[in-house]
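This report looks at how the parts of one protein are arranged and how they meet. Please have the sequence and the 3D view at hand while reading.

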Amino acid sequence: MKLAVFDFDSTLIKAETLEVLAQAYKADAEIKEITQKAMEGKMDFYESLMHRVACLKSMDFKEAKNICENLPLQQGAYEVVLGLQARGYKVVCFSGGFTLATSFFKEKLKLDGDFSNTLHVEKGVLNGQVSGPMMRGDSKFELLQSLQGLLGVKQTLVVGDGANDIGMFALADVSIAFNAKEIVKKAAKIVAQTTDLREILEYV
């Protein structure tokens with residue numbers, strides 16, 4: 001079996017989900033600074049995630065859901081998924097973001113799976129808490145390692161742009177830093193300095 005794992009924010013989509021939610025909720029300045037530190041590896045991912053989600057406390061759930069379902073796709077997202085599936089890959093996304101977005105785009109892009117975190121809701125609003133399988137900086141590494149063992153994966157492609165994607169690169173036959181931070185480029189086998197996901201197909 002062949003497995004392709006994509007990061008979600010700024011990889012499959014052309015945005016950072018938390019930042020877009022924060023902008024709508026007028027909490028974007030604080031969240032953007034924390035996100036930048038986390039993606040550059042200068043701040044613990046778990047700590048940064050908890051701080052950022054807390055900034056969204058009391059945001060209307062329906063508004064958050066609508067925003068998540070209207071995030072802009074990265075150029076070539078449909079084509080790269082179809083192209084990899086035609087080459088025999090199962091295509092999934094791993095995200096430190098939220099099921100509100102990844103589950104919707106799983107269906108839209110016809111991905112084979114999505115793994116992300118859940119925003120907690122009380123009385124129709126976000127309560128500032130989050131839980132799920134992607135809470136720590138090493139969560140993507142651990143989940144990929146588990147999937148490889150459970151599914152008998154023989155070939156793995158990983159595409160990402162942030163510091164929390166680096167752990168997966170060590171488990172990949174092909175690791176691609178997609179329009180990525182400098183720390184990520186240094187860890188990847190291939191650097192794709194592009195905003196068109198179709199170029200990924202050149203490397204498989």
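How many salt bridges are there between domain 1 and domain 2? The count between the two is zero. The model behind this count is a predicted one.

**Overall layout**

The protein contains ten helices and seven strands. Along the principal axes, its C-alpha atoms fill a box of roughly 45 × 35 × 30 Å. The radius of gyration is 16 Å, which agrees with the value near 17 Å that a compact globule of 204 residues would have. The domain assignment places residues 2-14 + 73-202 in domain 1 and residues 18-68 in domain 2. The centres of these domains, taken over C-alpha atoms, are 19 Å apart.

**The contact between the domains**

On the side of domain 1, 24 residues take part in the contact, and domain 2 contributes 22 residues. The size of an interface is often given as the accessible area lost when the parts come together. Here, about 1900 Å² is buried between domain 1 and domain 2, and carbon and sulfur atoms give 74% of that area. In domain 1, the residues that lose the most area to domain 2 are Leu-100, Leu-126 and Met-135, which together make up 29% of what that side buries. As for polar contact, three residue pairs are counted between the domains.

**The side of domain 1**

The elements below each give two or more residues to the side of domain 1 that touches domain 2.

| Element | Residues |
|---|---|
| Strand S2 | 89-98 |
| Helix H7 | 99-109 |
| Strand S3 | 113-122 |
| Strand S4 | 125-131 |

S4 supplies the largest share of this side, with six residues. By residue class, the side of domain 1 that touches domain 2 has 13 nonpolar, nine polar and two charged residues.

How values were computed. Residues numbered from 1 in each chain as written. Predicted model: local features only at pLDDT ≥ 70, side-chain atom pairs only at ≥ 80, totals over all residues. Heavy atoms only, no water. Domains from an automatic or database assignment. Contact = heavy atoms within 4.5 Å. Buried area = accessible area lost by both parts, 1.4 Å probe. Salt bridge = Lys/Arg side-chain N within 4 Å of Asp/Glu carboxyl O. Polar contact = N/O pair within 3.5 Å; in protein donor to acceptor, adjacent residues only side chain to side chain. Helix = DSSP H or I, 4+ residues; strand = E, 2+ residues; numbered from the N terminus. Nonpolar A, V, L, I, M, F, W, Y, C, P; charged D, E, K, R; others polar. Rg over C-alpha atoms; globule rule 2.2 N^0.38 Å.
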